[in-house]
Amino acid sequence: MRLTLMYFSPTHTTKKVVSAVGKVFFEKLLCETRIADITSLAARMREYAFGKDDVLIFGAPVYGGRVPPLLLPFLAKLRGGGARAVALSVYGNRDYDDALAETCGLLEKSGFTVCAAAAFIGEHSYSCEVGRGRPDAEDILAASTFALAALEKTATGAKINKKVRGGFPYKEYSPFMTAAKRMPAVDAEKCSHCGACISVCPVCNIAADLSDQGRCIACAACVKFCARGARAFIEQGVLAAKEKLEKNCTARRTPEFFI
Ligand SMILES: Cc1cc2nc3c(=O)[nH]c(=O)nc-3n(C[C@H](O)[C@H](O)[C@H](O)COP(=O)(O)O)c2cc1C
């Protein structure tokens, strides 16, 4: 048996959830394990093929209640080969809408049997006041509890019994989700030209002179990983979304499991 932990995680909350679930699988199975961090463009260009002896734990953040658009072609080219999969969506305490059902559907379409799925909460990409510090200790405990049940279920090779919340017709991507020119602005006085923003950008949008190549997906990696706080969103759509989230989405939401 071979275990693969695969995640797209610009601001690292999805990575934490997938790692917590994966840790339990690894400790129980003690099998060959590989990590496929598909956050970078280079990693998403590779081919990933699976077979009957594989178990995939796949995680992605929720963007606009859906799977991030840039993952659709990536998921379509995965070759599942009858492998078993666990699907995870991580959302910023608003809602995951159709994202988890969509993830399960895309994995099934690529030849996986999805045995278990769950939605977890991560600190929102646009506001540290929404889902602050999550996944936290309680979430990691929930991830371990989920993992034990998911492990048992994957051993049977059976599909999820419970209907995953969300589904067709999927929520439309808002025009904001596909709009260009959303790159967070740089404060020239704070920027030390360390290049951190360039290296964490999942779509290689930031050129060496820090100019915008028009591919920004507004994931907030360059904002969160700038040690000097030199990057900030100034685009009206993001600022309005942040304000709305801080007003309406701070009540703690809890993880949901589908097994
Ligand atoms: C473009 C974009 C759209 C988002 N849409 C949603 C959403 O619909 N619902 C929600 O609760 N969180 C939403 N979020 C927040 C992320 O899902 C959340 O912060 C997640 O933990 C980020 O994962 P990461 O740390 O792995 O990048 C969105 C974030 C971004 C960047």
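**First stop: an exposed glycine**

Start by selecting Gly-214: with 11 C-beta neighbours inside 10 Å, Gly-214 counts as exposed. The cut-offs go like this: a residue with 20 or more other C-beta atoms within 10 Å of its own is buried, one with 12 or fewer is exposed, and anything in between is partly exposed, with C-beta atoms placed from the backbone. Gly-214 sits in the loop between helix H7 (196-200) and helix H8 (221-224). Helices (H or I, at least four residues) and strands (E, at least two) are DSSP runs, numbered from the N terminus.

Before you move on, keep in mind that this is a predicted model: local features need pLDDT of at least 70, side-chain atom pairs count only at pLDDT 80 or more, and totals for chains, interfaces and linings use all residues. Residues are numbered from 1 along each chain as its sequence is written.

**Stay in that loop**

Now pick Leu-210, also in the loop between H7 and H8. Its phi is near 70 degrees, a positive value in a residue other than glycine. Leu-210 is partly exposed, with 17 other C-beta atoms within 10 Å. Then click Ala-218, which is in the loop between H7 and H8 too. Ala-218 has a positive phi of about 55 degrees although it is not a glycine. Buried or exposed? Ala-218 is buried, with 22 other C-beta atoms within 10 Å. Why flag these phi values? Most residues other than glycine have a negative phi, and most peptide bonds are trans.

**Two cis peptide bonds**

On to the peptide bonds. Select Arg-134 and Pro-135: a cis peptide bond joins them, with omega about 5 degrees. Pro-135 lies in the loop between S5 and H5. Next, zoom to Phe-168 and Pro-169, where the peptide bond is cis with omega near -15 degrees. Pro-169 is in the loop between H5 and helix H6 (175-178).

**Helix H5**

Select residues 137-156 to get H5, which has 20 residues and reaches 29 Å from its first C-alpha to its last, close to the 28 Å expected at 1.5 Å a residue. That expected span is 1.5 Å times one less than the number of residues. Now colour the buried ones: Asp-139, Ala-142, Ala-143, Phe-146, Ala-147, Ala-150 and Thr-154. They cover an arc of only 150 degrees around the axis, which puts them on the same side of H5. The arc is that of the directions from the helix axis to the C-beta atoms. As background, an α-helix has 3.6 residues a turn, so residues three or four places apart point the same way.

What do the buried residues of H5 pack against? Show helix H1 (13-29), strand S3 (54-61), strand S4 (84-91), strand S5 (113-121) and strand S8 (256-258). Packing here goes by contact: two residues are in contact if their C-beta atoms, placed from the backbone, lie within 7 Å. Just after H5, Gly-157 takes a positive phi of about 75 degrees.

**Helix H4 and its surroundings**

Select residues 99-109 for H4. Of its 11 residues, 9 are buried, so H4 is largely enclosed by the rest of the structure. The buried residues of H4 pack against S3, H3, S4 and S5. Just after H4, Gly-111 takes a positive phi of about 100 degrees.

Then select Leu-78, in the loop between helix H3 (71-77) and S4. Leu-78 is buried, with 23 other C-beta atoms within 10 Å. Not counting residues up to four places away in sequence, Leu-78 touches Tyr-48 and Ser-110.

**Domains and ligand**

Colour the chain by domain: domain 1 (2-169) and domain 2 (182-234), with bounds that come from an automatic or database domain assignment. Their centres, taken over C-alpha atoms, are separated by 27 Å. 9 residues of domain 1 are in contact with 8 residues of domain 2.

Last, show the ligand. Both domain 1 and domain 2 give residues to the shell around the ligand, so it lies between them. Of the 24 residues around the ligand, Thr-14, Pro-61, Gly-92, Arg-94 and Gly-122 come nearest; a residue is near if its C-beta atom, placed from the backbone, lies within 6 Å. H1 and S4 each supply at least two residues of that shell.
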